[in-house]
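Subject: Handover of a structure for your review

Dear colleague,

I am passing on to you the structure shown below. Please look through it first, and then read the notes that come after it.

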Amino acid sequence: MQDTLSNPIRHNRDWLQVIQSYVQLTKPRIILLLLFTTAGSLWMAANGQLDPKLAIITLLSGTMAAGSANTINCLYDRDIDQIMERTRSRPIPSGRVSPRDALIFATTMAIGSFMLLFTFANLLSACLAMLGIFFYVVVYTHWLKRHSTQNIVIGGAAGAIPPLVGWAAVTGEIGWPAWVFFALIFLWTPPHFWALAMMIRDDYASVNVPMLPVIEGNEKTTKQIMLYTLTLIPASLLLVYPLGVMGAIYSIFAVVLGGLFVKKSWQLMQVPDDLVMARSVFKYSIVYMLVLCVGMVIDSLPAMHSMMAYVQSVALGVLV
Ligand code: HEM
Ligand SMILES: CC(C)=CCC/C(C)=C/CC/C(C)=C/COP(=O)(O)OP(=O)(O)O
């Protein structure tokens, strides 16, 4: 203590390490992609006329809710995280954050998220954020993760809730486009996760977590990945037809990105034991979701609406 107080550089470094540990508990890179899905939904709901204050509040609250959910997951799973190689150095198993402090941190973030959404958006969005935490912690982490090969199929609904939060924050209700976006993430989660689970199969087997590749093997898993991937293009295009909330630009994103996903899953199905290919499908799943959300935002921009109207009038002029 004496040493820390008398040495300000060491004192600052200690604080930085503490902050780093808490950030690590929230699984920040996963939150970033969840925020992209929330942003896509926010822009789509606002049809390009998004109030910047509402956007910032919703994204901040989403960060806190997802951070809280991920921290409780780290707390609950600390026994198996300590054994698996990939998770051994996480803040709780490595002793950098105590379970008690993690619980206080997660509870504070959940309350903060609820209060922010309730005060600056509405009650529905605040309740949906809490439902996300409940579903991820209770339904996925507690009930399903250690007991069913379909754990992430049903549990994947938790990760699909952020777009519902975004839509509700803008409109005060859950419209059809939000449900379609929910379904899209729900269908995307199995290929995203099973490709990764193939790579870390031994880790999951060592702690008896019944992930599909552990129980059914790689060949069956790649067939399942292919089936789910095939549903993504039609599901993503429902936003264009019949819902009509997205236009030509988004359609190009959806078809090209979805086509590449199908190609990659097909390639993996030909070589089910090729873990380099499995890694490539996992990485691509992230690129797919990220770029599709960017496509949604671009398509929602008012400048794009005027450009498309101009292109349409020119095309009509040429035809008539
Ligand atoms: C229940 C559903 C899901 C499961 C079981 C799952 C599982 C995982 C796991 C185990 C990892 C590796 C994490 C690590 O090593 O720390 C991962 C990585 C990742 N997940 Fe998911 N995931 C799910 C849903 C989602 C959703 C909905 C998103 C965002 C829309 C997402 C985004 C990501 C990203 C961006 C990474 C890469 C993180 C990095 O670079 O380390 N995941 N996922
Ligand atoms: C609205 C709201 C708050 C929604 C919550 C969404 C949320 C936090 C989704 C996270 C999905 C995810 C990373 C699962 C991995 O858990 P795992 O336990 O299988 O991963 P691990 O083995 O790496 O711990």
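The model is a predicted one. The domain assignment divides the protein into domain 1 (13-167) and domain 2 (175-301). The C-alpha centres of these two domains are 21 Å apart, and 28 residues from domain 1 meet 28 residues from domain 2 in the contact. On the side of domain 1 that touches domain 2, helix H3, helix H8 (151-155) and helix H9 each contribute at least two residues. The largest share of that side comes from H3, with eight residues. Sorted by class, the side of domain 1 that touches domain 2 has 15 nonpolar, nine polar and four charged residues.

The largest nonpolar core has 89 residues, and those that touch the most other members are Leu164, Ala195, Ala197 and Leu292. Helix H10 gives the most to this core, namely 14 residues. Because domain 1 (13-167) and domain 2 (175-301) both give residues to the core, it lies between them. For Leu292, the contacts beyond four places in sequence are Ser236, Phe253, Ala254 and Leu257.

Ligand 1 has 20 residues around it, of which Arg29, Ile30, Leu33, Ile152 and Gly159 come nearest. Two or more residues of this shell are given by each of H3, H8, helix H10 (176-199) and helix H15 (275-300). Domain 1 (13-167) and domain 2 (175-301) each supply at least three residues to the shell around ligand 1. By class, that shell consists of eleven nonpolar, six polar and three charged residues.

Ligand 2 is surrounded by 19 residues, and the closest of them are Ala65, Ala69, Gly132, Gly159 and Ile161. Helix H3 (28-46), helix H4 (52-76), helix H7 (123-144) and helix H9 (162-171) are the elements that give two or more residues to the shell around ligand 2. The classes in this shell are twelve nonpolar, five polar and two charged residues.

Helix H9 deserves a separate paragraph. It is mostly covered, with nine of its ten residues buried. The buried residues of H9 are Pro162, Pro163, Leu164, Val165, Gly166, Trp167, Ala168, Ala169 and Val170. They pack against H3, H4, helix H6 (99-120), H7 and H10. After H9 comes Gly172, which has a positive phi near 80°.

With regard to recorded annotation, an unreviewed UniProt entry gives "transmembrane region" for residues 30-48, 54-76, 123-140, 152-170, 176-196, 228-261 and 281-298. In the model, the span 54-76 is 100% helix and 0% strand, with its end C-alpha atoms 33 Å apart. The span 176-196 is likewise 100% helix and 0% strand, and its end C-alpha atoms lie 31 Å apart.

In helix H15 one finds Val297. Leaving out residues up to four places away in sequence, Val297 touches Ala39, Gly40 and Trp43. Met199 is 98 residues from Val297 along the chain, and the C-alpha atoms of the two are separated by 33 Å.

Finally, some backbone details in the loops call for attention. Most residues other than glycine have a negative phi, and most peptide bonds are trans. Tyr241 and Pro242, however, are joined by a cis peptide bond with omega of about 10°. Pro242 is located in the loop between helix H13 (218-237) and helix H14 (248-270).

Lys27 has a positive phi, near 50°, and belongs to the loop between helix H2 (8-25) and H3. With 18 other C-beta atoms within 10 Å, Lys27 is partly exposed. Asn208 also has a positive phi, near 60°, and is placed in the loop between helix H11 (201-206) and helix H12 (212-216). Asn208 is exposed, because it has 9 other C-beta atoms within 10 Å.

With kind regards

Notes: Residues numbered from 1 in each chain as written. Chains lettered and ligands numbered in written order. Predicted model: local features only at pLDDT ≥ 70, side-chain atom pairs only at ≥ 80, totals over all residues. Near = placed C-beta within 6 Å. Helix = DSSP H or I, 4+ residues; strand = E, 2+ residues; numbered from the N terminus. Nonpolar A, V, L, I, M, F, W, Y, C, P; charged D, E, K, R; others polar. Domains from an automatic or database assignment. Contact = placed C-beta atoms within 7 Å. Buried ≥ 20, exposed ≤ 12 C-beta atoms within 10 Å, placed from the backbone. UniProt positions renumbered as here; feature names shortened; annotations may be inferred. Core = buried A, V, L, I, M, F, W, Y, C linked by C-beta atoms within 7 Å.
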